[in-house]
Amino acid sequence: MASAADDVLKPDFGAQRKHFIFEEEHDRLRESIRRFVETELTPHAEEWEETTFPDSVFHRMGELGFLGLSVPEQYGGQGGDYYANLVLAEELTRANSGGLAMGVAVHTDMATPPILAFGTEEQRQRYVTPSMRGQKIACLGITEPDAGSDVAGIKTRAVRDGDEYVINGSKTYITNGHRADYIVLLTKTDPDAGRAHEGEARGSGFTLFIVDMDLPGVIRERKLVKLGMHSSDTALLAFQDVRVPADAVLGEAGKGFYHIMWELQGERLIGAAGCVAGAQLCFEKTLQYAKERTAFGRQIGKFQVTRHKFAEMATKIESARQMVYVTAWRFSNGEYPVREISMAKLHAARVAVEVADECIQIHGGAGYMKEYGVERVWRDMRLNRIGAGTDEVMLDVIGRSYGL
Ligand SMILES: Cc1cc2nc3c(=O)[nH]c(=O)nc-3n(C[C@H](O)[C@H](O)[C@H](O)COP(=O)(O)OP(=O)(O)OC[C@H]3O[C@@H](n4cnc5c(N)ncnc54)[C@H](O)[C@@H]3O)c2cc1C
């Protein structure tokens, strides 16, 4: 019999311990999402790269209760905690389709949370409840042809006219923009609204609206062609004299900049979780390859240089994972850790791109071929250093948080 000391000193590399934020219920949820993803989504990944994924994915996920995991039951959700959303983001990466994961995340973690947080009861019933059931699809409109990082530089105007507002402007790179039933739209209601950096108190004069996409004057101009995320639809939208009732204002008129800054925190954290999971999956796939592929009579993984590449990747992934989980724990406990969310988003996005790049290298020529799937991970992950706030914007938020 081995001594107790031997047991203690033996490294447990194979241990499947879960992080302290997760409970048994999260494990069960993970299993059921994984089963769904692997049987109903992954088999279609190649086809959906060509065609974009169908709306039926939303309908089916709504039926299964996966769209509103942390949303109160009274609005069609499952009443779970924030970690359930992390589980969903992580498991969706197994669909081998970054665009699908992004399209779903825009719906669940970007466009609908502001309605729950700032919307009226009527707006929640009208938009959140059918969205959680997969009966309505949401998109989020912040970016414009002339303003992305500089959110306060947007030009889309909403002008009050009696009991209505008239909206004119344009939004670009809008995920789900072609399929969406409604858009959570950032506009300028005060023409003199000042310039503001993220986190600054000069963002008054902007207003959020919920706009039905079938209203006269909403024009879905063009499907944009992208480097990656091919299974998602990305739209250029125009708004020409779109009339909405005054009760289409979401939250407080004039406070849309602050509302959208809040929204961006959840968007960045969930994006960071997806980056870690995507990097992990790519790592595992490549590890398998390195154990099977031989060169000069040896497994390529047995070359010290390759072994060290795996060690570097694993260490980076683990550091990003810990940042995401601990920040999610703070977020879930009612804190508003903007600095740490920015750090997690910055780090996880960089790690995902570095890992995907290294995995291509380890695959050699096979890494450059579509059939191995690692080049797609790189192309899809590359977006994360740009979307939801670029690396440079994250660095700026972090730097400014120190009073610089
Ligand atoms: C596939 C895809 C999907 C998207 N989906 C959506 C969506 O659903 N809804 C939505 O609203 N938007 C969406 N976006 C837009 C995305 O959030 C923006 O592209 C991003 O915020 C950057 O804005 P920009 O493209 O205008 O770049 P710019 O702001 O023009 O930036 C160009 C470069 O300048 C740098 N830069 C800018 N300001 C500074 C500064 N102060 N200091 C240092 N460097 C700076 C940037 O870091 C970047 O390197 C999507 C984008 C893509 C590509």
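**Close-up 1. The crossing of α5 and α6.** In this predicted model, the crossing of α5 and α6 is right-handed, a crossing being left-handed if the near helix is turned anticlockwise from the far one by less than a right angle, and right-handed if clockwise. Helices (H or I, at least four residues) and strands (E, at least two) are DSSP runs, numbered from the N terminus. Residues are numbered from 1 along each chain as its sequence is written. Because this is a predicted model, local features need pLDDT of at least 70 and side-chain atom pairs count only at pLDDT 80 or more, while totals for chains, interfaces and linings use all residues. Helix α5, residues 82-92, packs with α6 at an angle of about 165°, and their axes are 9 Å apart; that makes α5 roughly antiparallel to α6. Axes are lines fitted to C-alpha atoms, for helices over the stretch in contact, and angles run from 0 to 180 degrees between N-to-C directions. Angles under 35 degrees count as roughly parallel, over 145 as roughly antiparallel, 65 to 115 as roughly perpendicular and the rest as oblique. On the α5 side Asn85, Ala89 and Leu92 meet Leu100, Ala101, Val104, Ala105, Thr108 and Asp109 of α6, where two residues are in contact if their C-beta atoms, placed from the backbone, lie within 7 Å. By class, this contact of α5 with α6 has six nonpolar, two polar and one charged residues; Ala, Val, Leu, Ile, Met, Phe, Trp, Tyr, Cys and Pro count as nonpolar, Asp, Glu, Lys and Arg as charged, and the others, Gly among them, as polar.

**Close-up 2. Helix α5 beside α9.** The axes of α5 and helix α9 (residues 256-292) come within 8 Å and cross at roughly 45°, and the two helices are therefore oblique to each other. The crossing in which α5 passes α9 is right-handed. Asn85, Leu86, Ala89 and Glu90 of α5 meet Ile270, Ala273, Gly274 and Ala277 of α9, a contact with five nonpolar, two polar and one charged residues.

**Close-up 3. Helix α5 beside α10.** Helix α10 (residues 304-332) packs with α5 at an angle of about 145°, with the axes 9 Å apart. Tyr82, Tyr83 and Leu86 of α5 make the contact with Ala328, Phe331 and Ser332 of α10, and by class it has five nonpolar, one polar and no charged residues.

**Close-up 4. Domain 1 against domain 2.** The protein chain is divided into domain 1 (24-132), domain 2 (138-254) and domain 3 (258-400), with bounds that come from an automatic or database domain assignment. The contact between domain 1 and domain 2 takes 23 residues from domain 1 and 18 residues from domain 2. On the side of domain 1 that touches domain 2, the largest share, nine residues, comes from α6.

**Close-up 5. The ligand between two domains.** Domain 2 and domain 3 both give residues to the shell around the ligand, so the ligand lies between them. Of the 24 residues around the ligand, Ile142, Gly148, Ser149, Thr390 and Glu392 come nearest, a residue being near a molecule or strand if its C-beta atom, placed from the backbone, lies within 6 Å of it. The shell divides into 11 nonpolar, nine polar and four charged residues.
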